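Dear colleague,

Please find below the structure that I am handing over to you. My findings follow directly after it.

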Amino acid sequence: MVAIGAIDFTYNNYNWIVRGQADYGYLSDAKQLKYFTNRLNGLSPFHHSAFISKNAFAYGIEAGYNVFSQIEKLRQDNQKLYLFDRYEHYNPYASKTKNTSYDYTNVQRMAVGINYYPVKQIVVKAEYHHRGST
C-alpha cells in the first residue's frame with residue numbers, strides 16, 4: 001500500500017505573503033523493495049543495497065513582506081521587493097528499517113532572502129540558507 005497526503009496554503013494580502021506546506025508518505029512493504037531491486041540483471045549499472053524507508057515527510061513555512069509598499073514612488077510603479085524568511089524540515093528516511101537509523105537524512109533548513117519584481121513577469125532572487133541535520 002502507498003499513501004501520500006499533502007496540504008498547502010498561501011496568504012497574500014496587506015503586503016505580506018505567507019506560504020506553507022506539509023507532505024507525508026507511507027509505503028507498507030518498503031523492506032521488500034531491497035530484495036526486488038537486488039534481483040536486477042547483473043549487467044545493470046544500477047546496484048541497490050540500502051533498505052527503503054516506509055515513512056517520509058516534509059513541511060515548511062515562508063513569510064515575506066513587500067518593503068517597497070512603504071515607498072510611494074515604487075508602489076505607484078508597481079515594483080515589489082519582498083524580504084523573506086523560510087523554515088523547512090524534511091526526512092525522506094523517517095522510519096527505522098532493520099533497526100537502522102539514518103539520522104543524516106533528518107534535515108532542517110533555514111533561509112533568508114529577497115525577491116525583487118521589477119515588472120510583474122520577472123523576479124530576481126537572492127537567498128542565504130543554513131542546512132543542518134537534527
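This is a predicted model: local features need pLDDT of at least 70, side-chain atom pairs count only at pLDDT 80 or more; totals for chains, interfaces and linings use all residues.

Strand 1 (residues 2-13) and strand 2 run antiparallel and are paired over 12 bridges. The two form a hairpin with 2 residues between them, and Tyr14 in the turn has a positive phi of about 55 degrees. Asn12 has Ile17 of strand 2 as its bridge partner. Strand 1 is hardly covered, as the count of buried residues among its 12 residues is 0.

The structure contains 5 aromatic pairs. One of them joins Trp16 and Tyr65, which are tilted at 55 degrees between the planes, with 4.9 Å from centre to centre. This pair links distant parts of the chain, since Trp16 belongs to strand 2 and Tyr65 to strand 3, 49 residues apart. Trp16 is partly exposed, at a relative accessible area of 41%.

Tyr59 and Tyr87 also pair: their ring centres are 6.5 Å apart and their planes stand at 50 degrees, so this pair is tilted as well. Here strand 3 supplies Tyr59 and strand 4 supplies Tyr87, 28 residues apart. Both are partly exposed, Tyr59 at 37% relative accessibility and Tyr87 at 24%. Ring pairs connect Phe57, Tyr59 and Tyr87 into a cluster.

The largest pocket holds about 190 Å³ of space. Its lining comprises 13 residues, with Asn12, Ile17, Lys80, Tyr82 and Tyr117 nearest the centre. Strands 2, 3, 4 and 5 each give two or more residues to this lining. By class, the lining has 5 nonpolar, 4 polar and 4 charged residues.

With kind regards

Definitions and conventions: Residues are numbered from 1 along each chain as its sequence is written. Side-chain values use heavy atoms; hydrogens and water are left out. On a 1 Å grid over the protein atoms alone, a cavity is a set of points where a 1.4 Å probe fits but cannot get out, and a pocket is an open set with protein on both sides within 12 Å along at least five of seven lines; lining residues have an atom within 4 Å of a point. Grid points are joined across faces, edges and corners, and a volume is the space filled by probe spheres set on the points. Helices (H or I, at least four residues) and strands (E, at least two) are DSSP runs, numbered from the N terminus. Ala, Val, Leu, Ile, Met, Phe, Trp, Tyr, Cys and Pro count as nonpolar, Asp, Glu, Lys and Arg as charged, and the others, Gly among them, as polar. Buried means under 20% relative accessible area, exposed over 50%, partly exposed in between (1.4 Å probe, protein chains only). Two strands pair if DSSP finds at least two bridges between them. Rings of Phe, Tyr and Trp (its six-membered ring) pair if their centres lie within 6.5 Å; planes under 30 degrees apart count as stacked, over 60 as edge-to-face and the rest as tilted.
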